[in-house]
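I'd like to walk you through one protein chain, so please have a look at it on the screen.

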Amino acid sequence: MSDVIIVEDLSKLYRLGMVGTRTISEDLNRLWARVRGRENPYLKIGETNNRSVKGSSEYVWALKDINFKVKDGQRFGIIGKNGAGKSTLLKILSRVASPTKGTVKVKGRVASLLEVGTGFHPELTGRDNIFLNGAILGMTQPEIKSKFDSIVDFSGVERYIDTPVKRYSSGMYVRLAFAVAAHLEPEILIVDEVLAVGDSEFQKKCLGKMQDVSEKEGRTVIFVSHNLQAIKNLCQETLIINNGEIFASGQTEETLRVYGELMREVKIDDKTDINNSINRRGKGAVRFSSINVLDTDGNKRFSFDIGDTIRFKISYKIFKQVKGLTISIALLSGLSRECLTLVHYEITKFKLEAGASGEIEIDFFDINIKPGEYPLYFELTDAQMDGNNKDVIDDLTAPLVIKRGNNNANSDFSPGKPAGFFATSSRMVVNEIQYNEILSKAL
């Protein structure tokens with residue numbers, strides 16, 4: 001497949017707090033530098049596009065040294081935090097904005113859906129806007145007429161097709177805009193986060209349409225979304241932009257794993273400092289002291305093969321009298337956050353006084369789940385299920401990583417197979433010496 005989009009050393013510089021980016025004095029400085037064969041002086045003072053940090057310069061690199069290629073017929077995803085530079089990149093690809101430096105080569109007709117109402121005139125009816133948008137994309141009237149009925153049917157706004165679009169809801173606007181962009185046969189379809197405005201039924205419909213135009217009609221799709229499940233289902237390759245720069249790119253499955261690491265702002269390693277967990281809640285009556293993920297030899301690790309046994313070694317402390325104690329551990333889906341497996345144990349039915357502490361080990365036997373990354377959920381609570389007496393860690397600082405392993409080469413797991421609920425056998429062992437100490441204190 002040939003490359004239909006080639007981006008080389010692309011950079012975009014913005015001046016903060018200004019409608020325009022140039023003044024006469026700045027233009028003269030740029031001209032004087034160019035006459036002397038020097039670099040534009042304002043490019044030297046541009047800062048990294050980090051929205052959470054106050055900078056010393058009014059010039060910011062919205063994009064900096066971006067390089068990538070998109071092949072003909074490929075479904076290519078772009079993800080990143082808010083303000084990372086994704087929309088700026090799409091505007092440059094769509095020729096809405098021009099780069100400060102670098103080159104963009106686009107082969108073919110581009111249809112863009114960058115924000116609600118892109119390319120629509122609010123005073124015109126839905127019917128008129130279909131013909132207007134088609135003409136902008138280079139379609140003839142006979143071509144537009146031949147596709148008119150399928151566009152209206154797909155959009156689901158037939159009753160309002162002769163109503164000015166300024167009276168449409170944002171969801172109706174997007175429905176019609178996407179229907180036009182997808183049906184007027186562009187070689188490249190660029191879709192920003194606007195689909196989030198539509199309902200779930202329409203989002204599913206749009207994702208199916210984008211997959212069809214790529215697989216059946218050989219067109220290229222550039223898709224930007226914060227819905228990681230949609231990115232995973234649709235895109236073959238994905239690019240991560242962070243603070244205006246490329247953070248990672250490659251196959252979608254691996255890129256999403258890296259993106260999870262970026263969003264947590266921690267590295268995937270063997271450390272589980274639960275005191276620094278931002279996903280922790282509870283009022284401190286009972287608390288986890290430490291959580292360690294081990295193999296059966298007692299080694300700390302987070303990466304396991306299918307079929308391995310995973311051991312959780314957990315210590316805890318009681319700060320307020322409780323009537324017994326229970327613990328729950330769950331493995332969650334890395335994208336949907338659905339519970340894949342859950343164990344629930346009653347540590348003790350006895351009353352425990354403040355100051356008691358203990359340690360337990362829980363083994364998960366024969367993990368049988370597709371390779372991937374799975375957040376861990378822990379809950380320690382009063383046996384009476386008192387909502388005030390609990391400690392919950394929604395997402396340990398590092399996720400559990402399941403790999404296929406050399407002994408699982410013939411496994412039927414595949415990247416496209418969903419990770420449904422699975423059952424696992426488990427066993428809890430209480431440290432007897434410390435448990436007896438707890439009982440003596442409690443009694």
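In what order do the six strands of the open sheet come? The order is β6-β7-β8-β4-β9-β10, and the pairing is mixed. Two strands count as paired if DSSP finds at least two bridges between them. At the edges sit β6 (110-113) and β10 (245-251), each pairing on one side only. From one strand to the next, the twist averages 15°. In case pairing is new to you: strands of a sheet pair through backbone hydrogen bonds, either parallel or antiparallel.

Before going on, some housekeeping. This is a predicted model, where local features need pLDDT of at least 70 and side-chain atom pairs count only at pLDDT 80 or more, while totals for chains, interfaces and linings use all residues. Residues are numbered from 1 along each chain as its sequence is written, and side-chain values use heavy atoms, with hydrogens and water left out.

Now the overview. The protein chain has nine helices and 22 strands. Of the 443 residues, 47% are buried. Buried means under 20% relative accessible area, exposed means over 50%, and partly exposed is in between, using a 1.4 Å probe and protein chains only. Among contacts with a separation of 6 or more, 72% are between residues 24 or more positions apart. A contact here means heavy atoms within 4.5 Å.

Strand β9 (residues 237-242) pairs with β10 in the antiparallel sense over six bridges, and Thr238 stands opposite Gly250. In the loop between those two strands you'll find Asn243. Asn243 has a positive phi near 55°, though it isn't a glycine. As a rule, most residues other than glycine have a negative phi. With a relative accessible area of 24%, Asn243 is partly exposed.

Asp65 is another one like that, again with a positive phi near 55° in a residue other than glycine. Asp65 belongs to strand β3 (residues 59-71), and at 39% relative accessibility it counts as partly exposed.

Is Ser214 buried or exposed? At 5% relative accessibility, Ser214 is buried. Ser214 and Arg75 are 139 residues apart along the chain, yet 6.8 Å separates their C-alpha atoms. Leaving aside neighbours within four places in sequence, Ser214 contacts Gly73, Gln74, Arg75, Arg219 and Val221.

Next, helix α4, residues 141-155. Its 15 residues reach 20 Å from first C-alpha to last, close to the 21 Å expected at 1.5 Å a residue. That expected span is 1.5 Å times one less than the number of residues. Where is the kink in α4 centred? On Lys147, with a bend of about 45°. The bend is the angle between axes fitted to the seven residues ending at a residue and the seven starting there. Lys147 is also one of the buried residues of α4, along with Ile144, Phe148, Ile151, Val152, Phe154 and Ser155. The cover over them includes α3 (126-136), α5 (170-183) and α6 (200-215). Just after α4, Gly156 takes a positive phi of about 75°.

The buried ones are Lys86, Thr88, Leu89, Leu90, Ile92 and Leu93. After α2 comes Arg95, with a positive phi near 70°.

Last stop: strand β21, residues 400-403. Strand β13 (residues 303-305) runs parallel to β21, joined by three bridges, and Asp305 has Lys403 as its bridge partner. Strand β18 (residues 372-374) also pairs with β21 over three bridges, but in the antiparallel sense. There, Tyr374 stands opposite Leu400.

Notes
Helices (H or I, at least four residues) and strands (E, at least two) are DSSP runs, numbered from the N terminus. Axes are lines fitted to C-alpha atoms, for helices over the stretch in contact, and angles run from 0 to 180 degrees between N-to-C directions.
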